[in-house]
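Here are a few notes to read alongside the structure. Have a look at the fold first, then go through the points in order.

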Amino acid sequence: MRDVAAAAASTGPRVLPRNDPRQYDDLAGEWWRPDGAFAMLHWLAEARAALVPPASRPDALLVDLGCGAGLLAPHLAGKGYRHVGVDLTRSALVQAAGHGVRVIQADVTAVPLADGCADVVSAGELLEHVPAWPRAVAEACRLLRPGGLLVLDTLNDTALARLVAVRIAERLPTVPRGIHDPRLFVDARALVAECARHGVELRLRGIRPQVGGLVTWLLRRARAARTPGAASPTGRAPRIVPTRSTAVLYQGRGVRNG
């Protein structure tokens, strides 16, 4: 009997440390599900892409650090960029390539691209997953040409962010359990200072999901979960909106000095 129990346990979901990159392989089927574990990343990608203007020159390059499965790609369509994505997770990169992203498997702290090659660098929901986030910031700024644009979003290193993004969010279907290590959350003031060291004046604003839209989405998803075999819920995804406080989730935009 013990052998049967042990065999059953061995086939269950593996338990990984917080922020372990192998989680993304386990969740590979979730990337493009609008109601899946990465639903909020879709909402954030749309909000981040809204900060990116149309390309100002032919053959402009956008480097998408921590691109995952390429969720930014649909929101950049028609803006005129060559979209290059950098990520460690091969299963995600295969999906990104299927959505038109030119992919590079690499660490975001050591990107094999030339200095000043990028018109735009995106670092969406990335820095709070990087143990040495200042090195990732240095790489992002190195890749930017003078006048190039850095756009990012991340979680602040505050008690409120730890409460909201870990203790509360991981009990909801919007954030997979264990996906964040709160010890890696990024202090907003330190991030601004680090970008300034590398010639980028970063301006921040707080962001959050629009409350009414989020509640509607959660109810719609809960109803679908109670009906096995039902189709995925449909309807408008929650919008990401500005908020006065950067204490939990914040967005940054900055231009590299010439």
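The points below cover the sheet, a helix packed on it and the cavity.

1. One thing to keep in mind: this is a predicted model. Every value here is computed from it.

2. Now look at β4 (residues 118-124) and β5 (residues 144-155). They run parallel and are joined by 6 bridges. If you want a spot to check by eye, take Val 120, whose bridge partner in β5 is Leu 149.

3. How many cavities of 30 Å³ or more does the count give? It comes to 1, and the volume of the largest cavity is about 40 Å³.

4. As for what surrounds the largest cavity, the lining consists of Leu 65, Ala 123, Leu 127, Ala 136, Val 137, Ala 140, Leu 150 and Leu 152. Two elements, α6 (133-143) and β5, each give two or more residues to this lining. The largest share comes from α6, with 3 residues. By type, the lining has 8 nonpolar residues, no polar and no charged.

Terms used:
Residues are numbered from 1 along each chain as its sequence is written. This is a predicted model: local features need pLDDT of at least 70, side-chain atom pairs count only at pLDDT 80 or more; totals for chains, interfaces and linings use all residues. Side-chain values use heavy atoms; hydrogens and water are left out. Two strands pair if DSSP finds at least two bridges between them. Helices (H or I, at least four residues) and strands (E, at least two) are DSSP runs, numbered from the N terminus. On a 1 Å grid over the protein atoms alone, a cavity is a set of points where a 1.4 Å probe fits but cannot get out, and a pocket is an open set with protein on both sides within 12 Å along at least five of seven lines; lining residues have an atom within 4 Å of a point. Grid points are joined across faces, edges and corners, and a volume is the space filled by probe spheres set on the points. Ala, Val, Leu, Ile, Met, Phe, Trp, Tyr, Cys and Pro count as nonpolar, Asp, Glu, Lys and Arg as charged, and the others, Gly among them, as polar.
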